[in-house]
Amino acid sequence: MPIFSVDELYVNVRSEKGAHMLGLKLELELFEEQQQSLVKSYQSGIRDRIIEVSRGFDYSKLNTLGGTLYFKEVIVTNLNEFFGKPLIKNAHISSFYLQ
């Protein structure tokens with residue numbers, strides 16, 4: 001199972017009750033080992049897309065299990081659209097906290 005680690009990100013997320021921050025570290029599971037170098041060469045674009053997706057989520061949704069699972073699905077879909085083909089099989093959250 002080829003894995004690509006995304007360094008920890010800190011993102012401001014929407015909320016009706018003031019400012020909140022999301023701290024997030026992801027491990028992206030790739031379909032094939034040979035895709036590792038391609039994914040690595042687009043590391044900054046991947047980070048930008050994850051930040052963009054994160055900013056679109058509301059704090060109250062991210063603060064639920066269902067919302068977190070949906071968040072992972074949206075990240076995988078968005079990244080595969082970024083690459084124009086399915087490279088990312090799954091996203092595993094290794095660190096996740098809301099403040």
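Predicted model: local features only at pLDDT ≥ 70, side-chain atom pairs only at ≥ 80, totals over all residues.
Residues are numbered from 1 along each chain as its sequence is written, and side-chain values use heavy atoms, without hydrogens or water.

Helix α2 spans residues 43-55 and helix α4 residues 65-83 (helices are DSSP runs of H or I, at least four residues; strands are runs of E, at least two; both are numbered from the N terminus). Their axes come within 10 Å and cross at roughly 140° (axes are lines fitted to C-alpha atoms, for helices over the stretch in contact; angles run from 0 to 180 degrees between N-to-C directions). The two helices are therefore oblique to each other (under 35 degrees is roughly parallel, over 145 roughly antiparallel, 65 to 115 roughly perpendicular, the rest oblique). In α2, G45, I46, R49, I50, V53 and S54 meet F71, V74, I75, N78, L79, F82 and F83 of α4 (contact: heavy atoms within 4.5 Å).

Three strands form an open antiparallel sheet, ordered β1-β2-β3 (strands pair if DSSP finds at least two bridges between them). The edge strands are β1 (3-13) and β3 (88-98). Neighbouring strands are turned by 25° on average, direction ignored. Nine bridges join β2 (residues 20-30) to β3. L24 has F96 in β3 as its bridge partner. Helix α2 packs on the sheet, touching β1 and β2. Helix α4 lies across β2 and β3, at about 135° to β3.
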